[in-house]
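Please read them with the structure open.

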Amino acid sequence: MTGAFDIILCLMILGAAGIALFVRDALAAIAFFIAFGNLLGLAWLGLDAVNVALAEIALGAGVTGVLLILARARLLALGDDATCADTSAWLRAGALAACAGFVLLLAAAVLSIPPESGLDRAVAPLMPGLGIENRVTGVLLAFRAYDTLLESFVLLGALVAVWSLAPAGVWPGRPADLGVADVPMRRVARSFGRFLLPVALVMAAYLVWAGSDVPGGAFQAGTVLAGGLMVSAIGGAIGLPRSDLPGLRVALVLGPLVFLLIGLAGMGFGGFLVYPEGSAKAAILAIEYSLFLSIGATLALLVAGPNVIGWPDPAGGTDRHSDC
Amino acid sequence: MAVPLGFMLAALLAGRAARWLILPAAPAMAGLALWLALVPADAAYLVGHWDLPLGILLRPDGVARLMVAATALVIGAVGLHALADPPEKAGNAAQAETFWPLIYLLWAGANAGFLTTDLFNLYVTLEMVSLAAVALAAMGSLEAALRYFMIALVGSLAYLLGVALLVGRYNTVDVTLLSQVAQPDLATMLALGLMTAGLLIKAALFPMHGWLPPAHAAAPAPASALLSAIAVKLGFVILLRLWFEAFPAVSGQTALHVLGGPGALAVIYGSVQAMRQQRLKALVAYSTVAQVGYLFLAFPLVAGAPDPSGAWAGMMLHAVAHMLAKAAMFLAAGLMLKAAAGDRIGDLGGLAQSMPMTVTAFGLAAVSLMGLPPSGGFTGKFLLLNAAIAQGAFLYAGVMILGGLLAAVYFFRALSACFAAGPAPRAPATLGVRTAAPLVLAGLAIVMGFGGSALHNLSAIAAPWAAPGAAAP
C-alpha cells in the first residue's frame, strides 16, 4: 500500500472520528462512527492484520452500529430527543488534557518496546502438527484453546445476563420486535433483509469453511450470520424466537458444549484439551462449525435484548428463526 | 479442574429444572476441591500440552487450593440455600431461571482464575466473574448494577491494556516466566500500574469502592453473599500474582505502601461508614469495604517480613475467613429481613426469640469478622498483627486493632437490636436448609481458627516467597 493512500486513510479516520464526536445529531454521529469503524478496518488490512480487520468491521462497525441505532430508536420512542447534552467547556478541556496525557504516556511506553515479534516464531514450528494453515485459528483453537473455551462461555453468559433483565411476567417470552414502524421504510427493510439473509448465510459459511487456512473463522462468521439475522429481523422477514424454544437452546449451547466435550475427550489422550495425534484438524473443525452457529444465534439475540413480550402472544406464526 | 462447572453451565441452559442441579454439583465440587488440596505440591498442568511461552499453565498453589475450597463451600451452601429459598423477586420467572447458570458461570470463572498463572487467561476469568456478578447485582437494583457494570468495564479495559503492553514487551503473559525476565522499564511500570488500577476497582479497595455498597446491599441475599465473598476476591488474587509472583523485582517496598495505605484507610472508612448505616444490608456491605482493606494492608507486611510465611498465611486465612463469614452473614441477614418488619436495624427487634438459629449464625459470622478468638478471622488478623509488630509497622498494627474495635461496635449494634423487644415477626421461622446454610458457613469460619496450622501449611504450598521462579514444571 502506498504512502499517499496511508496518509489519506489516516486523515479520513481522524476526520470521521472528529465528526462523530462533534456532530450534535445522534443519527449522524452513529453514521460517522460506523464509517470510522470501516476505515479502521481498512487500516488493519493495510497492516496485514486481516483477522483483526474482519473483526473490527463486523463487530466494531457492524454490530455496534446496529446496537447504537436500535438504542436511539428506543430512546426516541421513550420521548428522549437523543441529542447530546451540553457539557461545560472546562470539563471538555480537562477530559481532553487527561486523554492526551495518557495517550502520550502510552505511546512512549509502546515505542520503548523493541519491535520484534517472538510469539510468531513460537507459533510457526507448531503449525504443521495441526494440519491447518491459519495461524490465528491455530492460536485460538489449539495453543490458547482454553481461553477461547472460557470466552465462549462468557458470550453465552452475557446472553443469560441480558435475559435475566426481563421484567416480571414475560418469561418465557420473546424480545421486542426489531422491525421499523414506518411502513414504507419497513417495506424497504423487508426486501433488503430477504435479499441479505441468504447472502449473509453463504458468506458466513464460506468464512467458517475457509477459516482453517485463510483469514476467517468461527467468530467472524458468527458475526456475519448474526448481522444477516438482525437485518432480516429489522425488516420483519423473520420473527424473533421465544427464549425457551428447545431448538434455540440447543443452538445456543451447541458450540460451548461441543468444545467442552472435545476438551474432556482429550483427557483420554493425555489431558484436558489435548487433541489426539493426527485428528487435530477434525477436532478444530468440529469446534469451529458448532461455535459458528452458537455465536451467530447468541449475538443476534444479545442485540435483540431481553424479553419484553409474554408468551400468550397473539402474533405467533413466524417461528422460523429456530436456529437456522 | 474447572471443567465440571462449564459442563453444568451448559447442562443448565438446556434444562428447565436447572435449580435441582445444585444437588449433585455441590458435593462434586467439594470433592474436587478436596482432591485439589491433596495433590502433590509440585502438581501443574499445561493445558493441551502446549509449552509455555504460548500455552497456559494451571497450577494449584496454596492460594489456589484455599480459595477453590472456600469457593466450593460458599457457592455450595449458597446454592442449597437458594434452592430452599428462591432468590428472585416474587413472580419473576426470568430471574428464577437465569440465576442458576449465572452462579455456575461465577463458580467456573472464580476457580479458573484461582488456578491459572496466565495473565490473559486471568482476564477472561475476570470477565466471567464480573459478568455474572453484574447480572446477579441487577436482580436487586438495575441502577446499582449498571453503575457497577460501567466501573467494572473501565477496570477490565485498564487490565487488558496492561496485558497487551506486557505481551509486546516480553512476548509472554505467564506469571512464572515474567518473574524471570521482568525489568523495571517504562512499559512494564505502566502495565503494572494500569493492571493494578483496574484490579483495585474490581476488588473495591477504598477509594474505588463506590460501586460496592449499593450493588451488594440491593441484590438478593444469595447474590450479595456471592458478590461479597467471591467476586471481589478474584481481583485480590490477581494482584497477589502480579505483585508477588510476576514483578517482585519491579515493585519496591515503597510501592507496596501504595496498596497498604489505601488498605488501612479502607479499614477505617469502611468501619465508620458501617457504623453510620441504618439498614442492615448496607452495614454488612460497608463491612466488606473494611475487610477488603485488611487484605491490601497485608501487602507491605508480607513483603517486609524477614520470614513472610506468617503474614502470608495471615492474609490468606483472613481472605478465606471473610469469604465464609461474609457469605453466612448475608444469608442470615436475608432471612432476618424477610422475617422482620422492615429493613432498618431498629426493625430487627424480637428476632432473637423467633429465629434463634439465624441470629446465632449472624453472631458467629460477626465474631469471625471482628477477629475474636477462636475464629478463623482471629487467626488471620493475629498473624498479620504479629508481622506488623515484628516489623515495627505500628501504624498498620494500630489500624488493625482499631478496625477490630469498630467492627465490634457496628456488629453489636445490629445484634443488640435483634435481642431488643419488638413486634412479632412477619414470617414464622422455618428450619431446614435455608437456616442451616448460614449456620454451617459461620461455624466453619469459627472452626477454621482451630485448624490454623494445617491451613498455614496449605497456604505455603508453592508460595512465591518460598522458591522464587521455581514453579515451572
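This is a predicted model: local features need pLDDT of at least 70, side-chain atom pairs count only at pLDDT 80 or more; totals for chains, interfaces and linings use all residues.

**Notes on salt bridges, a helix and a surface patch**

1. R241(B) is buried, and D61(B) is buried as well. The side chains of R241(B) and D61(B) form a salt bridge, at 2.8 Å from N to O. The pair links distant parts of chain B. R241(B) sits in helix α10 (residues 221-246), while D61(B) sits in the loop between β2 (57-58) and α3 (62-84).

2. A second bridge in chain B joins the side chains of R169(B) and D185(B), at 2.5 Å from N to O. R169(B) belongs to helix α6 (residues 142-170). D185(B) lies in the loop between α7 (175-181) and α8 (186-203). The pair therefore ties together parts that are 16 residues apart in sequence.

3. D185(B) comes to 21%, so it counts as partly exposed.

4. In chain A, the side chains of D147(A) and R144(A) meet in a salt bridge, 2.7 Å from N to O. Both D147(A) and R144(A) are buried. Salt bridges with shared partners also bring in D118(B): R144(A), D147(A) and D118(B) form one network.

5. How many salt bridges are there over all chains? The count is five.

6. Next, helix α11 of chain A, residues 280-304. The helix has 25 residues. At 1.5 Å a residue it should span 36 Å, and its end C-alpha atoms are 36 Å apart, so the two values agree.

7. Why call α11(A) largely enclosed by the rest of the structure? Because 18 of its 25 residues are buried. G305(A) follows the helix, and its phi is positive, near 90°.

8. There is also a nonpolar surface patch to look at. Y206(A), W209(A), V214(A) and Y289(A) make it, with an area of about 450 Å². V214(A) is in the loop between α8 (183-210) and α9 (218-234) of chain A. Its relative accessibility is 39%, so V214(A) is partly exposed: the value falls between the 20% and 50% cut-offs.

Key
Residues are numbered from 1 along each chain as its sequence is written. Chains are lettered from A and ligands numbered from 1 in the order in which they are written. Side-chain values use heavy atoms; hydrogens and water are left out. A salt bridge is a side-chain nitrogen of Lys or Arg within 4 Å of a carboxyl oxygen of Asp or Glu. Buried means under 20% relative accessible area, exposed over 50%, partly exposed in between (1.4 Å probe, protein chains only). Helices (H or I, at least four residues) and strands (E, at least two) are DSSP runs, numbered from the N terminus. The expected span of a helix is 1.5 Å times one less than its number of residues. Patches are made of residues with over 30% relative accessible area and no salt bridge: like charges are joined within 9 Å, nonpolar side chains (Val, Leu, Ile, Met, Phe, Trp, Tyr) within 5 Å. Accessible areas come from the Shrake-Rupley method with a 1.4 Å probe; for residues, only the protein chains shown count as cover.
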